[in-house]
Amino acid sequence: METFRLLVDKDGDNEQIYSQAVDLLENGEVVAFPTETVYGLGAVATDDRAVKKIFEAKGRPSDNPLIVHIGSIEEVSNFIEEIPQKARKLMEIFWPGALTLIMKVKPGVFAPSVTAGLSTVGLRMPDHEVALKLLRKLKKPIAAPSANRSGKPSPTKAIHVEEDLRGKIPLILDGGTTGIGLESTVLDITVNPPVILRPGGITKEMLEEVIGEVILPNKEQQQLESTPKAPGMKYTHYAPEAPVYLIESDQQKVEKAIAQLKNDGYKVALLAPSNYHAIGADYFFTFGIEGDQERMGAKLYDDLRACDKTEANIILVTTTSTEGVGAAIMNRLEKASGGKWYTV
Ligand code: TXA
Ligand code: MG
C-alpha cells in the first residue's frame, strides 16, 4: 500500500484533503492525524474491521483498549450511561484538551476491539484544529491510539508516523509538530477518589483544583497491582533501539559517566539540558534550558527517535523532578529505560 503524507497547513482550507480522509474512514480505512499531544492512528470507532486494522498496522496487542476521540462535549451522553458529576466539571474546564476520562460505556455502542472487553471506555476531545475539523466533518467518533509501531516512542511529527507505518496505512494528515509531545493524562473517574492511570500534560495539581482529591499511584503502588489498570502501561514503551539509562542531572557525574563508558568502548548519546553540550558525549541532544519541563516534554520523543539515527549503543538521559508535568516525563523515562539508572 502506498502511504500519502499530505500537508494540512493552517491557512489553506484543505477541503479536498479532509474529504479524502473522511472517505477513507467511512470506507473502513485508517488515517493518521495530529492532536495537541501526539499523532493518532484513527478508525471509525463503531467499525470493528477498521479498528482491527489499527492493531495490525501498529503491531499492538489486542488486550490493550483504545481511546475514543470526539468532537464535542454533547456527544458524551450518546456513549456513556451516567456521566459522573466530577467528569462533567473536568470536561468543562479541560476539554478540548489532553485529558482522557475513563467512564462506564453503554454496551454495544463501540466496536468490541475498541474496549478490549472492558465495561469502560476512555474518551477525549482533542485540542487541535486538524483533529477537530476531521471529527466534525466525519460526524462519528474516532478510535485512535498513538500512531507509532507498538513499543516505539509516540510520534510528535508526521515524519515519525511515516517512518513507522509507511506502506501499512493509506494517509497521514501532516499538521506539523504536536505541541505537548506527551500522551494525554488518563483518569479513571469510575472510582472515588479518581485515579490517574497515566500521567500527562494535565497534572494532578490541575485536576485537584477542580474536583478535589485525585490519586497518582507511585511506582511501587503501580507494581503492587497484579494487573495494571491501564493495560497499555504494562508493556515496554517509548523505547529507542539502544538501551536507555537514566542519570541524575549533575554535570560532574554525567561527565564521569561518559568518560567511563567511552573508555569501555561505548558510543554515547546524551539527552540533557543545553549546558551539558561540551562534556564529551559522542552525540548530544538537548531539551533546552535546565528546568524547562514543557520543552523537555515536547522534545523528548523526537530526541529519543533521533538517537536511533546515530551509531550510539548507549543512551544517557538526565532526569527531572516529578512536580507538575515532570510526573509524566519521568513516567515515560522510566518506561523507556526499563527503570535502569546509571550510577557513578
Ligand atoms: O494523547 C493521547 O492520549 C494519544 C492521542 C492520539 O490522543 N492517544 C494515546 O492512545 O496515547 P494509546 O492507545 O496509545 O494509549 C491509551 C492508554 C493505554 O495505556 C490504554 O491501556 C489506556 O489508555 N486505556 C484505554 N482505554 C482504557 C480503559 N477503558 N481502561 C483503562 N485504560 C484504558
Ligand atoms: Mg501509545
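Visitor: How many bridges join β11 to strand β14?
Guide: The two are joined by 4 bridges and run parallel. Strands here are DSSP runs of E of at least two residues, helices are runs of H or I of at least four, and both are numbered from the N terminus. Two strands pair if DSSP finds at least two bridges between them. The model is a predicted one: local features need pLDDT of at least 70, side-chain atom pairs count only at pLDDT 80 or more, and totals for chains, interfaces and linings use all residues. Residues are numbered from 1 along each chain as its sequence is written, chains are lettered from A and ligands numbered from 1 in the order in which they are written, and side-chain values use heavy atoms, without hydrogens and water.

Visitor: Which residue of β14 is the bridge partner of Val244?
Guide: That partner is Ile315.

Visitor: And what is the strand order of that open sheet of 4 strands?
Guide: The order is β11-β14-β12-β13, and the pairing is parallel. β11 (244–247) and β13 (283–286) are the edge strands; each has a single partner, so one side of each is left without a neighbour in the sheet. Neighbouring strands are turned by 20 degrees against each other on average, direction ignored.

Visitor: Which strands does helix α11 lie across?
Guide: Helix α11 (residues 293–307) lies across β11, β12 (268–272), β13 and β14, at about 160 degrees to β13. Such angles run from 0 to 180 degrees between N-to-C directions, with axes fitted to C-alpha atoms, for helices over the stretch in contact.

Visitor: Turning to the sheet of 10 strands, what is its order?
Guide: That open sheet runs β1-β8-β2-β3-β7-β4-β6-β5-β9-β10, with mixed pairing. β1 and β10 (195–198) stand at its edges with a single partner strand each, so one side of each has no neighbour in the sheet. At the β10 end, 3 bridges join β9 (residues 185–188) to β10, and these strands run antiparallel. There, Asp188 stands opposite Val195. Helix α4 packs on the sheet, touching β5 and β9, and its direction makes about 155 degrees with that of β5. Helix α7 also packs on the sheet, touching β1, β2, β3 and β8, at about 165 degrees to β8.

Visitor: What is Ile172 in contact with?
Guide: Apart from neighbours within four places in sequence, Ile172 is in contact with Thr3, Phe4, Arg5, Leu6, Ala32, Ala158, Val161 and Glu162; contact means heavy atoms within 4.5 Å. Its relative accessibility is 0%. β8 pairs in the parallel sense with β1 over 4 bridges and with β2 over 2 bridges. Arg5 stands opposite Ile172, and Ile172 is also the bridge partner of Ala32.

Visitor: How many residues does the largest nonpolar core have?
Guide: It has 49 residues, and Met103, Leu123 and Leu187 have the most contacts inside it. A nonpolar core is a set of buried Ala, Val, Leu, Ile, Met, Phe, Trp, Tyr and Cys residues joined through side-chain atoms within 4.5 Å. Among the elements that give two or more residues are β3 (40–44), α2 (48–58), β5 (99–104) and β6 (120–124). α2 gives the most, with 5 residues. Apart from this core lies another, of 24 residues, including Ala269, Leu271, Phe285 and Leu333.

Visitor: Where is the cis peptide bond to Pro96, and in which loop does Pro96 lie?
Guide: The bond from Trp95 to Pro96 is cis, with omega near -5 degrees, and Pro96 lies in the loop between α4 and β5. The bond from Asn192 to Pro193 is cis, also with omega near -5 degrees; Pro193 is in the loop between β9 and β10. Most peptide bonds are trans.

Visitor: Is Lys139 buried or exposed?
Guide: Lys139 counts as exposed, at 72% relative accessibility. It lies in the loop between α6 and β7, and its phi is positive, near 60 degrees. Asn14 has a positive phi as well, near 55 degrees, but counts as buried at 12% relative accessibility.

Terms used. Buried means under 20% relative accessible area, exposed over 50%, partly exposed in between (1.4 Å probe, protein chains only).
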